[in-house]
Amino acid sequence: MYNAPTMKGYALEKIRDEARGIVVAILGQEAAEHIRVELPPPGIGADLAIPLFPLAKVLRRNPNEMASEVAEKVDPSGSYFDQISAAKGFVNFHFDWKQCNKLFFDDFLAAGDAYGSAGIGSGKTVVIDYSAPNIAKPFSVGHLRSTVIGQALYNILIFLGYTVIGDNHIGDWGTQFGKILAAYDRWGDEKALEESPTRALLDLYVRFHEDAAADPSLEVAAREWFAKLEAGDDKATQLWSRFRELSLREFERIYDLLGVSFDHTLGESFYNERLKDIVQQALDSGVAQWSTVPDKDEEGRVAGKGRASGEGGADDDGSAGGKGGTSEEKANVDATGGRDSANTGSRAETDGRTEAGGRTEAGGRTNTGSCAEAEVGDDEKVILIPLAKYDISAPLILQKSDGTSLYATRELATLEHRVAEWKPHEVLYVVGAEQSLYFTQFFKAIELLGIKVKCVHVPFGMIRLPEGRMSTRKGRVIFLEDLLSEAIERAGEIVKDRDLSDEEKQEIARLVGVAAVKYADLSQDRTKDIVFDWKKMMALEGNSGPYLQYAYTRAASIMRKSGEDDIGDLEDLDPSALTEDEETALLREIARFPEVIKQAAGDYKPNYIANYLFSLSQVFNRFYVNCAVLKAETPVLKDSRLALVAMTAYVIRKGLSLLGIDCPEKM
RNA sequence: GCCCUCGUAGCUCAGUUAGGAUAGAGCACCGGUUUCCUAAACCGGGUGCCGCAAGUUCGAAUCUUGCCGGGGGCACCA
């Protein structure tokens with residue numbers, strides 16, 4: 001695994017420290033805690049700024065006067081600044097570009113291919129749970145987010161020195177497989193399955209639901225099939241295993257196209273044999289308890305929920321006997337389970353009485369599926385962890401009244417395995433925002449169970465269509481592979497007339513098309529919903545992945561033509577020769593790269609990097625049209641600009657690679 | 001009903017973490033730039049009660065409260 005060097009601090013940090021030091025020296029030590037060095041907005045004309053308002057309040061002084069005092073008393077000579085001025089309560093610092101340029105260049109020359117990295121993650125392990133599609137269901141654009149955001153975080157954290165483990169928690173077990181088996185048994189088309197496995201399986205699933213409405217025997221058959229599957233019936237197991245294999249193979253094709261990979265792909269089925277112990281331990285420790293299920297009202301909500309607390313303790317004391325009566329209305333073909341359920345339809349089936357736990361790895365042993373025996377023989381009883389006293393409205397259920405397990409049970413087993421196996425400092429769950437409540441419950445549960453590991457839900461919004469959320473049943477769904485093919489085709493249109501080999505053109509179209517799709521997702525705040533727009537997802541210009549790639553190829557082309565491959569060898573390089581606005585603006589952007597990465601990691605927000613790279617590319621494009629490099633007026637200017645271009649090329653390529661986007665050299 | 005979340009230009013979005021100076025992009029639309037390193041580019045053109053209202057503050061798109069609107073969730077789905 002790649003080891004990032006420990007960086008003591010980049011130039012911009014040093015310069016900021018000096019600005020802070022200057023103000024503290026004049027205004028006193030007390031200032032240290034009340035000032036912050038900012039990057040001022042473009043129109044101001046300064047390079048750094050320190051607002052004095054917070055300090056003014058503490059010292060009961062006029063911020064304008066203080067700013068003026070600093071500006072008057074300080075002699076900037078010898079510092080990184082050539083001018084320090086006061087304006088409206090701000091102290092504004094103007095870089096002495098001769099000195100600062102050198103610092104920025106030295107940073108880059110010293111760090112080389114590690115420029116932008118840091119050692120802050122050294123010695124720490126992070127597990128990232130991302131992608132997690134369900135088998136027997138095609139990859140839709142809904143699966144895109146977890147996949148690309150997770151992969152970007154993976155790359156970013158590794159660059160910061162963490163040991164990172166990517167785990168694809170495949171949804172490969174659940175009630176829905178009984179239905180698919182039953183459907184395949186009746187209408188299975190071997191040819192269709194071979195041609196497009198997940199779509200064929202989805203068709204079966206959809207047809208099952210269509211027909212089941214009129215033919216109740218289907219549901220019975222589904223339960224029988226699932227029972228057979230969990231009992232280790234040869235035919236059922238073989239079919240399930242085959243569906244699983246075919247699905248995974250298909251996913252692998254998409255992951256290859258996306259450039260996404262995992263250290264582990266452990267499906268839910270992998271954990272089934274541990275479930276019994278997990279539930280028993282929770283009971284033994286007193287954290288979990290037997291409970292009855294309360295009544296539901298017509299909306300499917302628990303009766304009496306939301307009443308004043310303190311009325312009889314935990315709200316697990318509802319009357320027994322009630323069964324949800326709305327399961328069929330809620331059944332939804334979109335919800336075939338897994339982490340991704342919400343992106344393509346939220347409601348899962350609630351007729352889960354046929355669901356069972358026990359399952360070992362493919363083709364392996366099974367147990368009865370019963371996690372723990374109910375001592376009172378009351379099949380209406382469930383095992384749950386009450387959470388009402390922690391201000392969490394619903395308890396976390398670990399075992400259903402028929403003795404079978406749930407998603408959360410497998411989740412506990414999964415976490416236990418991860419902790420034992422990898423000893424992480426942190427586990428990131430890159431899962432849709434609609435599962436926020438679930439994770440709140442789950443995290444409280446593991447705290448109560450004494451599992452000591454920092455777990456973070458990294459939520460993201462849904463991808464919605466303009467007319468509403470995606471729905472397979474209504475035919476409102478976009479398959480990722482279709483989107484990617486279309487994007488690649490469009491990119492191919494542009495590259496068609498270039499003077500390149502067919503092979504090159506194909507490769508470029510692929511890189512550009514995929515970049516367009518990934519960037520469209522990664523450039524937006526992950527917490528917000530995305531309104532799906534074909535045009536935007538495949539954009540080849542403007543704020544888009546291809547725009548960044550294009551900026552890179554322009555830089556790469558200059559480097560290629562210059563014949564230089566190591567800017568350390570440039571004899572006439574003189575950073576202080578770069579004085580044009582386009583040059584200093586570009587350098588200033590390059591200098592921000594390290595801190596942008598840290599911020600992105602701190603908030604788990606790759607879009608910081610995407611937005612930064614776009615801004616950098618814009619600045620570079622302006623530089624490109626205004627400043628000739630290879631035909632620069634003097635050798636010094638030429639070499640210096642060449643170095644600037646090399647730095648830009650590096651940052652764009654590296655930044656894109658952190659986002660999981662590859663760059664062609666030509667396009 | 002309760003909880004979470006979002007609301008910024010015609011459209012799609014940055015900016016909210018940490019209050020700070022004149023709120024920025026892209027798309028679309030109109031016009032311009034190619035004897036010169038790739039025009040997937042660049043330049044010019046804005047028409048915003050930053051959902052509404054109050055509060056805190058020297059200062060609010062940013063923090064607090066309420067309301068309105070969209071989305072999501074709310075015990076045996078995942």
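The structure discussed here is a predicted model. Within this model, Asp533 occupies the loop that runs between β12 (530–531) and α17 (534–537).

The side chain of Asp533 also takes part in a polar contact: the side chain reaches the backbone nitrogen of Lys535 at 3.0 Å.

How far apart are Asp533 and Asp572 in sequence and in space? The two residues are separated by 39 residues in sequence, and their C-alpha atoms lie 49 Å apart in space.

Asp572 belongs to a patch of negative charge on the surface. The patch gathers Glu564, Asp565, Asp566, Asp569, Glu571 and Asp572.

## His457 in a strand

Strand β10 (residues 454–458) contains His457. Is this histidine buried or exposed? His457 has a relative accessible area of 14% and is therefore buried, since the limit for a buried residue is under 20%.

The side chain of His457 has two backbone oxygens as neighbours in polar contacts. The backbone oxygen of Val431 lies 2.8 Å from a polar atom of this side chain. For the backbone oxygen of Gly432, the corresponding distance to a polar atom of the His457 side chain is 3.4 Å.

The model contains 29 salt bridges. One of them joins the side chains of Arg16 and Glu595, with a distance of 2.7 Å from N to O. Arg16 lies in helix α1 (residues 11–27) and Glu595 in helix α19, so that this pair, 579 residues apart, links distant parts of the chain.

Both partners fall under the 20% limit for buried residues. Arg16 counts as buried because its relative accessibility is 16%, and Glu595 counts as buried because its relative accessibility is 18%.

## Further salt bridges

Arg36 and Glu38 form another salt bridge, in which the closest N and O atoms are 3.2 Å apart. The two partners fall into separate categories of accessibility. Arg36, at 55% relative accessibility, counts as exposed, whereas Glu38, at 25%, counts as partly exposed.

A salt bridge is also formed by Lys102 and Asp106, whose closest N and O atoms are 2.9 Å apart. Why are Lys102 and Asp106 separated by about one helical turn? The reason is that they are 4 residues apart in helix α4 (residues 97–111). Lys102 is partly exposed, with a relative accessible area of 47%, and Asp106 is likewise partly exposed, with a relative accessible area of 35%. Elsewhere, Arg61, Glu69 and Lys73 are joined into one network by salt bridges that share partners.

Key
Residues are numbered from 1 along each chain as its sequence is written. Chains are lettered from A and ligands numbered from 1 in the order in which they are written. This is a predicted model: local features need pLDDT of at least 70, side-chain atom pairs count only at pLDDT 80 or more; totals for chains, interfaces and linings use all residues. Side-chain values use heavy atoms; hydrogens and water are left out. Patches are made of residues with over 30% relative accessible area and no salt bridge: like charges are joined within 9 Å, nonpolar side chains (Val, Leu, Ile, Met, Phe, Trp, Tyr) within 5 Å. Accessible areas come from the Shrake-Rupley method with a 1.4 Å probe; for residues, only the protein chains shown count as cover. A salt bridge is a side-chain nitrogen of Lys or Arg within 4 Å of a carboxyl oxygen of Asp or Glu. Lys and Arg count as positive and Asp and Glu as negative; His and the chain ends are not counted. The place of a charge is taken as NZ of Lys, CZ of Arg, CG of Asp or CD of Glu. Helices (H or I, at least four residues) and strands (E, at least two) are DSSP runs, numbered from the N terminus. A polar contact is a pair of N or O atoms within 3.5 Å; within protein, one must be able to donate a hydrogen and the other to accept it, and residues adjacent in sequence count only if both atoms are side-chain atoms. Buried means under 20% relative accessible area, exposed over 50%, partly exposed in between (1.4 Å probe, protein chains only).
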